[in-house]
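Here are a few exercises to work through with the model open beside you. Try each task before you read its solution.

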Amino acid sequence: MDLFQYDFMIRALIGALVIGLAAPALGIYLVQRRLSLIGDGIGHVALTGVGVGLLLHHSPVISAVIVSAIGAVGIELIRQRGRTSGDLALALLFYGGIAGGVVLVGLSDDSSNANLMQYLFGSLITTSPQDVVVIVALGAAVLITMTVFRPALFAVCNDEEYAKVSGLPVRTLNLLMAVTTAVTVTIAMRTVGLLLVSALMVVPVAAAQQVTRGFLTTMALAMVIGLGAAGVGVAVSAEADTAPGATTVIVALAVFVAIAAGGAAVRALRRRAQHPREVEPPDVVLQG
Amino acid sequence: MHLMTVVDVRHLAVGYDGREILHDVSLAVSGGEVVAILGANGSGKSTLIRTILGLVPAARGDIDLFGTAQRKFRDWARVGYVPQRLGAGSGVPATVGEVVASGRLARRGIFRPAGTADRAAVTAALEDVGLLDRIADPVSTLSGGQQQRTLIARALAGKPDLLVLDEPTAGVDAASQEAFAAALGRFAARGGTILLVAHELGPLRPLIDRAVVVHEGRIAHEGVPPEPAGHHADPGHDHVHPHAALEKAGICEWAPADRMTAG
């Protein structure tokens, strides 16, 4: 493909592929504990970090990592303590994050609408060589963390109380998850954009779990789907001149629809082909 | 170790939101003993074991596990916890083998990857509860009773000395009840200590050395579980007590009659 003769396209592709792999590897834990939308919230908070970076003439990526990590830890602490006010506290944090970001970006020297848009929805041409290094390094760190701690994170996300009684450092693992989520959101903002990063964490997992039977296989398939969607998304967006983040997400959603439809069709065919299966004994309470 | 007090609860009080649920409860479980905590819904029996496990903070009193104050206790691999049910499914599939493998983390720690010993323990635990043929199946495809056996296998995989079970017989099919009664029996025969909360015992009854009845946050009765008599022995008896007011003073089976309802 001719477009990949340009260095910026190669950089955009590398960034997208790293995120395509890392985002579902993290997202599966978020989906498992019913926090599918948390990445979206942290994306809102990260925008304030971008604003701080632009205002202080520092790298927006680094300030976004710091601010979104603080936000993610704050959200996690609210969740741990939280009972009633958690939901409201999260909403306040999210809207505070995006409003703060818009105001701070507006105050900075580089306050064009286009600048704000590239952080919100991603852009192919903004990934600098330094950005690629940061994205690859942090992406690798996310992948290694999610792989090495998979049994422990699975235990915590599957049954937090059991994990506590097992003596696992549940609070530390939850904070690790929060910080890793913040890092993933921030490295994804260049290509996918802050408003769509959550989709790459969730949609590949949603697609994979239509046809998988176990956690590990779901994680592996989701990463393959994420990688494929990111690659195809960047290529299509370059050819068709569409926004890369949105294109990637639409490709991932198309995979979800295709797998869901295909899986339903296969199940229906199998049911028709199969003889009536042995029926499980019904759950009854045996009376003493 | 047999003579050791595995669980020692002294003058425990527990409350949520200013409302006290347990008042001045004392309970000692010796090594190798099988103790059932019985009581009606809302009696505080689940709160008692959740406090022993550190899931609920104690307001007053002391808890020792294996001779160590619970706050300083770190050897959690010696404790196998079997919750009432598998956490509500989130949609992400997990196989029976993956869930049971979580039981090895207390022994192995979070940094070491699973090894041969871990896989062997998972296999042995699933064999013990009769679910080895389902190891690669998603837990969501199992019946309620089979899910309960999966949770027992998860606890057994860690090779604990103490098993703590929260209502293991609630809403479980007869085949599964028999299967895990047998698994618990083998665990007890190996010298394991069992503390379980139950609404009714069913096939677990022969295993129980001692029954403790919790009523309104206090221990109301402690002793050898009596055989059910009269119409309570009838398998069709469904524990509905329209005549509860008349029987109020007596203890029906072990739990106070006025709180006993069908499971």
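**Exercise 1. How many helices and strands does chain B have?**

Before counting, note that this is a predicted model, in which local features need pLDDT of at least 70, side-chain atom pairs count only at pLDDT 80 or more, and totals for chains, interfaces and linings use all residues. Residues are numbered from 1 along each chain as its sequence is written, while chains are lettered from A and ligands numbered from 1 in the order in which they are written.

Step 1. Take helices (H or I, at least four residues) and strands (E, at least two) as DSSP runs, numbered from the N terminus. Chain B then has seven helices and 12 strands.

Step 2. Check burial, where buried means 20 or more other C-beta atoms within 10 Å of a residue's own, exposed means 12 or fewer, partly exposed is in between, and C-beta atoms are placed from the backbone. Of the 263 residues in chain B, 46% are buried.

Step 3. Look at contacts (C-beta atoms, placed from the backbone, within 7 Å). In chain B, among contacts between residues at least 6 apart in sequence, 70% join residues at least 24 apart.

**Exercise 2. Why is helix α1 (residues 45-52) of chain B largely enclosed?**

Step 1. Seven of its eight residues are buried, so the rest of the structure largely encloses this helix. Those seven are B:K45, B:S46, B:T47, B:L48, B:I49, B:T51 and B:I52.

Step 2. Move on to what comes after α1(B): B:G54 has a positive phi, near 85 degrees.

Step 3. Now try B:V164. Not counting residues up to four places away in sequence, B:V164 touches B:I49, B:I52, B:L53, B:V79, B:Y81, B:V82 and B:L195.

**Exercise 3. Which strand does β9 (residues 210-215) of chain B run antiparallel to?**

Step 1. Strands pair if DSSP finds at least two bridges between them. Here five bridges join β9(B) to β10 (residues 218-223) of chain B, and the two run antiparallel.

Step 2. For one opposite pair, see B:V212 and B:E222.

**Exercise 4. Which residues of helix α6 (residues 129-148) of chain A are buried, and which are exposed on the face turned away from them?**

Step 1. Start with length: α6(A) has 20 residues and reaches 29 Å from first C-alpha to last. That is close to the expected 28 Å, the expected span being 1.5 Å times one less than the number of residues.

Step 2. The buried set is A:D131, A:V132, A:V134, A:I135, A:L138, A:G139, A:V142 and A:M146. They sit on the same side of α6(A) because they cover an arc (of the directions from the helix axis to the C-beta atoms) of only 160 degrees.

Step 3. The face turned away carries the exposed residues A:P129, A:Q130, A:V133, A:A137, A:I144 and A:T147.

Step 4. Covering the buried residues are, among others, α1, α3 (60-81), α7 (150-158) and α9 (170-188) of chain A.

**Exercise 5. Is A:M223 buried or exposed?**

Step 1. Find A:M223 in helix α11 (residues 215-240) of chain A.

Step 2. A:M223 has 23 other C-beta atoms within 10 Å, so it is buried.

Step 3. Leaving aside neighbours within four places in sequence, A:M223 contacts A:L21, A:P24 and A:A25.

Conventions
Contact = placed C-beta atoms within 7 Å.
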